[in-house]
Amino acid sequence: MAAAEARAIGRAAHGLTVVELERKNKNKPWNYVKGAPLNRRFLTDTTYELTGPAAGTDLVKTIDDPSGRKIKGTLGNCSGGTTPWGTILSGEENFNGYFVAPGTSAGDKRYGLSNKATARKWELDEPRFNTNNAGYANESNRFGWIVEVDPFDPSSTPKKHSAMGRFKHEGANVIVADSGHVVAYMGDDERFDYLYKFVSKGKYMPGDSAAARRSNMDLLSEGDLYVAKFTGDSPASEITGNGALPSDGAFDGSGEWLPLVVDGVSAVPGMSVPEVLVYTRLAADKVGPPRWTAAKTSNPTWPPARSMWSAPTTRTAASLERKAPPRSTRAPSTGTATSWKSPKPVTRRLRASIGRS
């Protein structure tokens with residue numbers, strides 16, 4: 001098989017798929033329904049609509065898409081989630097591995113983009129995968145988003161939501177707060193990176209009516225974005241990473257949600273809203289480390305609250321010794337889970353604890 005053909009097969013294997021399943025009864029296995037009307041593939045040349053404040057800005061325009069609103073394909077899809085209105089979410093994770101880039105800018109460095117040949121070598125077939133090529137400087141900015149797919153409308157255009165920030169998304173878990181606003185919790189899947197929260201501007205409309213569905217389909221396109229900051233209660237010298245409990249008997253602490261974008265306004269000095277959303281890691285770096293080293297906040301008394309769990313998957317001995325500025329969510333050792341509570345999902349206060357799983 002020729003190398004170019006092998007690369008084409010690899011591209012064809014990327015993307016998302018919606019399939020219909022059926023079974024005769026609950027004791028029988030599910031079967032794929034060939035030719036079903038809802039069956040659909042989303043390929044590397046499928047058009048996605050970019051929504052939110054970054055859409056149409058100069059940060060995402062290319063020679064192929066001068067509008068900055070129509071993106072070809074989705075890459076690096078990891079975990080995802082579902083929404084209360086019946087759509088599917090997918091997180092674009094390690095998209096940097098698909099691109100050759102100058103690798104010299106702060107954005108390139110922070111997202112792991114470099115001027116080296118990629119393992120897949122798609123840059124040999126499509127110029128957009130080498131952002132050194134004229135007209136494609138922003139192509140990598142068009143990946144790293146939360147993707148939303150409507151599995152019940154085969155004619156719908158899938159969306160990438162810029163309001164939810166661009167990073168190496170693991171997925172998005174969506175709830176409806178008591179206020180009616182939709183809240184999505186998201187993780188940036190790389191060692192020493194952050195947890196984020198998105199709160200929709202609009203409110204969820206219950207029901208399956210056409211009006212409710214139209215309204216809810218726009219909820220992830222506009223809202224506020226936050227990054228989590230955790231502060232431990234234990235002496236720092238006793239947190240070694242080996243799992244031994246500190247002298248106060250618990251891995252716990254307090255935290256808060258630091259605003260990145262609120263009410264359509266950037267909360268990050270020196271960065272516009274589109275810049276915060278396209279370079280969310282850089283924005284989080286700006287608001288996170290200085291506050292991490294500030295005085296420890298007191299522990300509030302917590303009323304009954306919803307609990308959220310994050311489960312970091314790996315941390316090597318080398319990463320424990322990494323000399324880097326503290327960030328909002330340092331990943332615990334493999335086999336640990338972090339539980340965090342907030343009186344209300346739309347508030348900024350947190351209480352966190354870490355336990356062995």
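Two residues are in contact here when their heavy atoms come within 4.5 Å. This is a predicted model, so local features need pLDDT of at least 70 and side-chain atom pairs count only at pLDDT 80 or more, while totals for chains, interfaces and linings use all residues. Residues are numbered from 1 along each chain as its sequence is written, and side-chain values use heavy atoms, with hydrogens and water left out.

Leaving out residues up to four places away in sequence, Glu-170 touches Cys-78, Ser-79, Gly-80, Glu-93, Gly-187 and Asp-189. From Glu-170 to Gly-91 is 79 residues in sequence, yet their C-alpha atoms sit 5.3 Å apart in space. Glu-170 counts as partly exposed because its relative accessible area is 29% (buried means under 20%, exposed over 50%, partly exposed in between, with a 1.4 Å probe and protein chains only).

Next come the charged pairs. Side chains of opposite charge can pair when their charged atoms come close. Taking a salt bridge as a side-chain nitrogen of Lys or Arg within 4 Å of a carboxyl oxygen of Asp or Glu, the count comes to 19. Asp-125 is part of a salt bridge with Arg-7, with 2.6 Å between the closest N and O atoms. That pair links distant parts of the chain, 118 residues apart: Arg-7 belongs to helix H1 (residues 3-12), and Asp-125 to the loop between helix H2 (106-110) and strand S9 (146-149). Asp-125 also meets Arg-11 in a salt bridge, at 3.0 Å from N to O. Since Arg-11 lies in helix H1 and Asp-125 in the loop between H2 and S9, this pair ties together parts 114 residues apart in sequence.

Another salt bridge joins Asp-285 and Arg-110, whose closest N and O atoms are 2.7 Å apart. Here too distant parts of the chain are linked: Asp-285 is in helix H5 (residues 280-287) and Arg-110 in helix H2, 175 residues apart. Both of these residues, Asp-285 and Arg-110, are buried.

Some of the salt bridges form a network, which links Arg-7, Arg-11, Asp-65, Asp-125, Glu-126, Arg-128, Glu-139 and Arg-142. Within it, Asp-65 sits in the loop between strand S5 (47-51) and strand S6 (70-72), and counts as buried because its relative accessibility is 4%. Neighbours within four places aside, Asp-65 is in contact with Lys-70 and Arg-142. Glu-139 is 74 residues from Asp-65 in sequence and 9.6 Å away in space, C-alpha to C-alpha.

Finally, there is the second largest pocket, with a volume of about 260 Å³. On a 1 Å grid over the protein atoms alone, a pocket is an open set of points with protein on both sides within 12 Å along at least five of seven lines, and lining residues have an atom within 4 Å of a point. The volume is the space filled by probe spheres set on the points, which are joined across faces, edges and corners. Of the 16 lining residues, Lys-201, Gly-223, Asp-224, Asp-263 and Gly-264 lie nearest the centre. Strand S13 (195-203), strand S14 (223-232) and helix H4 (273-278) each give two or more residues to this lining.

Terms used:
Helices (H or I, at least four residues) and strands (E, at least two) are DSSP runs, numbered from the N terminus. On a 1 Å grid over the protein atoms alone, a cavity is a set of points where a 1.4 Å probe fits but cannot get out, and a pocket is an open set with protein on both sides within 12 Å along at least five of seven lines; lining residues have an atom within 4 Å of a point.
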